[in-house]
Each structure stands twice: as C-alpha cells, then as structure tokens.
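Please look over the sequence and the model before reading on.

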Amino acid sequence: MAIDFEMTPRQRKLKYDAREFAREVVRPAAERADAIADPQEAFVAMKPVFEAATALGFATSFLPAKYGGGGASIVDTLIVTEELAAVDGGFPTTLLVNGLALMPLTWFGTEKQCATWIDRAVDPASTGFLAGWVVSERGGTANFDHPNTMAGIQLVARPDKADGSLVLNGEKHWPCNAGGWDLGGADVNLCIVRTDQTKGGRESLSAVLVERGTPGIEYRVIDKIGHRTCQNVTMTFRDVRVPAENLLAQGDGDLVINRNFTWSGPIAGIAAVGVARGAYEFALKWAKTFTGGGMAPIINHQAVGYLLAEIAAKIEACRYMCWKAAHYMDLHDNGGHALSGMNKALCTDLMQRAVVDCMRVVGVNALDRRFGLEKSYRESIVFPLYDAGNLAMQQRRAWGVMTDPGFTPDLFVDSEPFGFRKSMEGFGVDNDMS
C-alpha cells in the first residue's frame, strides 16, 4: 500500500456496502435490542442481523480462501468493522469473536480440524454459526504466562487413559459467543486450558475445541452496561469430556493467546474509531443547527469549533494507525505484536475521550437517550477494557517485544518483519514461585 492511504475502488465499494447494511439493517435492530432488559434476549434479537451479515460474507470474510472463507485482508476487515461499529459497538464484536475462535485453527490446528470446523462455518446453510473464544477467567487473564502453576489459566484438561479423552474442570468468565443463541453452547468453543499442572504458563497451556452440546457445561449470561447486542457468559466445566483429537497447540496455548490478540488489536481499535465517528457525526450536525439560545449555531463559537477540530483530528489519526497496524500484519503473516498492542491501547483510550468530548459539544442534551450519545458512551468505555485490557495486558505485550535486543524504533516505519518469541513473554509478572 502506498503511503497515500488511498482505498482501491473495490475497498470503497466495500465501505459503502457495509455502511448501507449498517444503517439500514444493523442500526434499527441494535437500537431495539439495546433497550431489552434481559441480556440473552438482547443478543438473540440480533440473530436475524447476524444471519444477514453472514449471507453477505461479513462473518467469514477474514477466513482463508483455501478453506472457503473470503480471504479478506486485515485492512479490508477494518473497513467493514468501522462502518458496523459506527451504528453499534456490540454487533461487530460477535463477528470478531468468530474470527478469534477460528483463525487459530489456521495457525496452529491440523488440516482435519480446519476442514471440520471452518467448513461448517462457511457452509451457506450455517447462517447462524457461532464460535466462541474462551480464555478469560474470573481471577483475570493478564498473567496467563506467569511461571507459578497456581497463577494464570486454571481451567484444567486432564487425559483419561481409559478412553483417550480429555476431562475439563474449572471456570471461564467473560467469553463472548460461547453460550450460543439458546445457551446450549456455540457451535464450537476454542478454550485455552492448562494441560500440565507442573509447569508455568509458557509451557503448560494448550487449546481445545469443545463442540456444542457437550455435557457438563453450565452457561450464565453476564448483564453488561455496554455492548449489549453481543453475549458474554460465565462457563462452568464439570468433568467435561472432549476427544483428544480436539487438542491443538499443545504447550503453546500462550502463543495462541498472543497471536489472537495481535490479530484482533487493530480490529478493536477501528471499532472504537467507528463508535467515536458515529458520535462525532451527531455532534457536528448538532453544532451546525443548535443555537443554545443564541443568535447563531454554536459551531460559530471558537470553543466549540476548536473542540470539534480536535475530535476530528483524533479520529483521523487513530483510523490511520489502525490501517498501518493492519497493513503491517498483512505483510508479515499477522506479526506485529508490539504495534498491535500499541494501536489497540492508544486508540481505544483516545476514542473513549473523543466520545466524551462529543457529549461536551452537545451539552446536557447528550444525556437524553433519544439522541444516542449515551449509548455511544456506554459502547466506548468497553474498548479499553476488553480484548486484552489496555492497562494489564496490551501494554505489557508491547513492552515485552520492545525489550528484545533486535527491536529498534525504526522497525515499524521501515516495515521490517519481527517475529514473536516466548522470550518476549512474562514481563511484569511476579516471578516469586513461593
């Protein structure tokens, strides 16, 4: 991509097709769903929209073409995500999490696992196919790479030599999509588990695929203030048996976590841009028509004009940082752990503040639910906290890469490849094994 950042004609068409779908289909459904008190009912209300998005290819566009997916670049995924998030922050999260659950199969899984699960996801008849990314736990996830066996991931998978299965016991907290449309489970859940209780997080973690309907799992929906159109649950595993062939990335579950959150970093960042852009569009229109009791629209006041210019600058800057991170990752096989972490942390924090500034432009009327800015605010505060929280996890991921002797300040501007290694993990964790 040239430094001019110009979209191709195909990408411009993708943008406006996604915008039309967002405004005509997603927005009205999301506004109704957001007002539903029961969180599971709110999620289910979006199923027809999800099915329509799947028919357009949005739910599988990021999957490799060799498996029947759309083969879209990460940059293309960002273009669609911004448009969807501009009308609702929660719905594109449901699509994103399908990717978080399925993309690791293409990086760490077997051909059989890819054929089994990705084939189901891209099957035209599977319009409601959901996949869950199951990593977070009640005690926190940021220290997943801690060397102490009592810290980090505690969902344990023990082999049963009698029948060759894996037996899972423990709990996960906050996984998205995992409960499925009917709380009988997503079609498949990719779970990060501890397969060796004698080693720390950099050697003991693996991933396992848990099929819908597997006995022994209880799902409880979490009631959230934002992203109400997507589902988060607490999952309790009691002697859950899965076939050993469902295991992948044995001993490298830490790398699954890191690579997944690298892939999703700029996507979460651009979703925050979309929410802020939606708030900015409203605030700009308001400022051009609302007089505040004066003789001219408030945009003619210097304070308002300066603030709107600052909001616009932040949105433009964050959009292009997301594009840069995505472009770098497209070039280097989803590398860019540090750039992705920086991107996600900086942009989601900035965009949350941009939404607050939009509310300052509108004034007290921003609190009126009819205008939608309070929803933008509720959506914006989610981004710095989810998808590997900025303070506890994303910044630490970037820090770990920067400590490597080979890292230089010119690395990303020169677009040089820089692979991720386990030696970059573990920074900031308590190394006291006692």
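The paragraphs below go through the salt bridges of this predicted model.

## Overall count and a network

A search of the whole structure finds 36 salt bridges. Some of the residues involved are joined in a network of salt bridges, which links Arg19, Arg23, Glu82, Glu83, Arg277, Glu281, Glu316 and Arg319.

## A pair within helix 1

Within helix 1, which covers residues 9-34, Lys13 and Asp17 are four residues apart and therefore separated by about one helical turn. Their side chains meet in a salt bridge, with a distance of 2.7 Å from N to O. Lys13 counts as exposed, its relative accessibility being 53%, whereas Asp17, at 33%, counts as partly exposed.

## A pair between helices 1 and 8

Arg23 and Glu281, both members of the network, form a salt bridge in which the closest N and O atoms are 3.9 Å apart. Because Glu281 lies in helix 8 (residues 253-289) and Arg23 in helix 1, this pair ties together parts that are 258 residues apart in sequence. Glu281 is partly exposed, with a relative accessible area of 33%, and Arg23 is also partly exposed, with a value of 35%.

## A buried pair

Glu137 and Lys172 form a salt bridge as well, and their closest N and O atoms are 2.9 Å apart. Glu137 lies in the loop between strand 1 (131-134) and strand 2 (156-160), while Lys172 belongs to strand 3 (residues 165-176), so the pair ties together parts that are 35 residues apart in sequence. Glu137 counts as buried at 8% relative accessibility, and Lys172 counts as buried at 0%.

Notes
Residues are numbered from 1 along each chain as its sequence is written. This is a predicted model: local features need pLDDT of at least 70, side-chain atom pairs count only at pLDDT 80 or more; totals for chains, interfaces and linings use all residues. Side-chain values use heavy atoms; hydrogens and water are left out. A salt bridge is a side-chain nitrogen of Lys or Arg within 4 Å of a carboxyl oxygen of Asp or Glu. Helices (H or I, at least four residues) and strands (E, at least two) are DSSP runs, numbered from the N terminus. Buried means under 20% relative accessible area, exposed over 50%, partly exposed in between (1.4 Å probe, protein chains only).
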